[in-house]
Amino acid sequence: MEAAIRLGTAKSFSIGLEACARSRKWPKVRGLWERMGEEHKDTFAYTAMISAATRCGRWEKAIAVFEEMQAAKDVMVDEVAYNAAIFAFGVGKQPLRALEMLIRMQQHNLKMDRTSFNTVISACAKDPKHWSLALDCLNAMINDVGILPDIRTYNTLISAPSIPKDEVMRLWKEIDARGLKKDVFTYTAAFKADIPETEEDAIGIFRSIESPDTICVNALLDYLARRGQWESSLSLIEKISLSSASHSHIDKGGGGEEEGIGHPDNIKEDPKHQNHRLAEQLDDFTFSSILKGMNVGRAWQQALDMLKGGGRIGAAARGNAPFNCGITACHIGRTWENAIYLLETMKDRNISR
């Protein structure tokens, strides 16, 4: 990279910016930008700096560079630069300013693409005050500009906690109506949004996922926990762990035929490693979801036994979330001596309360 930079071309500097940004090395990004001569700051270089600053968590600096780019002589501000600025406003949780960028693109006769709309939709959907603008952008994208949404568009919308349930259900049906293929992010969002009507529906959806990750597992466990279905949560984790240990497939209860989680015949990843990977990545959120489900299901004694015992949850808990669930169980069962025991265990493990 240094050899390329010494050549002094705009492209070499931009490559250097991108390389430093991937490692989140802001001082190096800033240093390269300061070393770059004005003669090298072309459209490509400005856009690279906007993206690099955003990636390093300096979204305000990214916007400052965008404004500098607009004021520069003989530098074209193209669609890619606007998309980079829109993304910076999204990272900065500035949905209205992101939307303003989209409008300015239209005013300057620049081509708005799916990336432009998806980024604005994401910024608006995440803001509790402006979620309706996300739906307005979706309608404009389809009806005014003629760009069809992709699965990422819908994933963003159904995962937004501020969007009402009836709108989420409408969007869920739209995915099927448009023939879009749901992915692990879609199903994870579905669990978080309570889209499956029953526990059986949720488990069935999970078993259809090609490559579930830990976030998806945790979302399903939390869905089950909200309904007090702790037995199903334990069964799921047990199957993942057993499959990990034996590299075997999980029995889906269909005619004695065994299949791995999410149809291993369709899994891109080697199925013998997939459940092992999941089992290794189970975390405090996983364990606290199971304990939460026990508390909701009034099985507080089982929650305490699991956390205090020598099993996996008790031994593996390293954060305060599982212990907070255990202390809640103590409150439900009015067993304060166990609460004191858990607090002492947290102290011994240097876990903040």
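Trp59 turns out to be buried in this predicted model, at a relative accessible area of 17%; here buried means under 20% relative accessible area, exposed means over 50%, and partly exposed covers what is in between, using a 1.4 Å probe and protein chains only. Phe89 is buried too, with a relative accessible area of 3%. Residues are numbered from 1 along each chain as its sequence is written. Because the model is predicted, local features need pLDDT of at least 70 and side-chain atom pairs count only at pLDDT 80 or more, while totals for chains, interfaces and linings use all residues; side-chain values use heavy atoms, with hydrogens and water left out.

Next come the ring pairs. The structure holds five aromatic pairs, where rings of Phe, Tyr and Trp (its six-membered ring) pair if their centres lie within 6.5 Å, and planes under 30 degrees apart count as stacked, over 60 as edge-to-face and the rest as tilted. One of the pairs is made by Trp59 and Phe89: the ring centres are 6.3 Å apart and the planes sit at 55°, so this pair is tilted. Trp59 belongs to helix α5 (residues 59–71) and Phe89 to helix α6 (residues 79–91), so the pair ties together parts that lie 30 residues apart in sequence. Helices are DSSP runs of H or I with at least four residues, strands are runs of E with at least two, and both are numbered from the N terminus.

What kind of pair do the rings of Phe66 and Tyr82 form? With centres 5.2 Å apart and planes at 75°, the pair is edge-to-face. This pair also links distant parts of the chain, with Phe66 in helix α5 and Tyr82 in helix α6, 16 residues apart. Phe66 is buried at 2% relative accessibility, and Tyr82 is buried with a relative accessible area of 2%.

Now for the helices themselves. The axes of α5 and α6 come within 9 Å and cross at roughly 150°; axes are lines fitted to C-alpha atoms, for helices over the stretch in contact, and angles run from 0 to 180 degrees between N-to-C directions. The two helices, α5 and α6, are therefore roughly antiparallel to each other, given that angles under 35 degrees count as roughly parallel, over 145 as roughly antiparallel, 65 to 115 as roughly perpendicular and the rest as oblique. The crossing of α5 past α6 is left-handed, a label used if the near helix is turned anticlockwise from the far one by less than a right angle, with right-handed used if clockwise.

Helix α5 has another partner in helix α7 (residues 95–107): their axes come within 14 Å and cross at roughly 25°. That makes α5 roughly parallel to α7. The crossing of α5 and α7 is left-handed.

In the loop between α5 and α6 sits Asp74. Its phi is near 60°, a positive value in a residue other than glycine, and Asp74 is exposed at 81% relative accessibility. Arg334 has a positive phi as well, about 50°, although it is not a glycine. Arg334 lies in the loop between α20 (320–333) and α21 (336–348) and is exposed, with a relative accessible area of 65%.

Then there are the cysteines. A disulfide is a covalent bond between the sulfur atoms of two cysteines. Counting a disulfide as a pair of cysteine sulfur atoms within 2.5 Å, the total comes to zero disulfides. For Cys20, the closest cysteine sulfur is in Cys56, 8.2 Å away, too far for a bond. For Cys137, the closest cysteine sulfur is in Cys124, 5.0 Å away, again too far for a bond. Cys20 is buried at 4% relative accessibility, and Cys137 is buried with a relative accessible area of 5%.

The charged end of Arg227 sits over the ring of Tyr223, 3.7 Å from its centre; a charge sits over a ring if NZ of Lys or CZ of Arg is within 6 Å of the ring centre and within 35 degrees of the ring normal. Lys308, in helix α18 (residues 300–308), is partly exposed at 34% relative accessibility. Asp194, found in the loop between α12 (184–192) and α13 (199–208), is partly exposed, with a relative accessible area of 25%. Asp194 and Val168 are 9.7 Å apart in space, C-alpha to C-alpha, and 26 residues apart in sequence.
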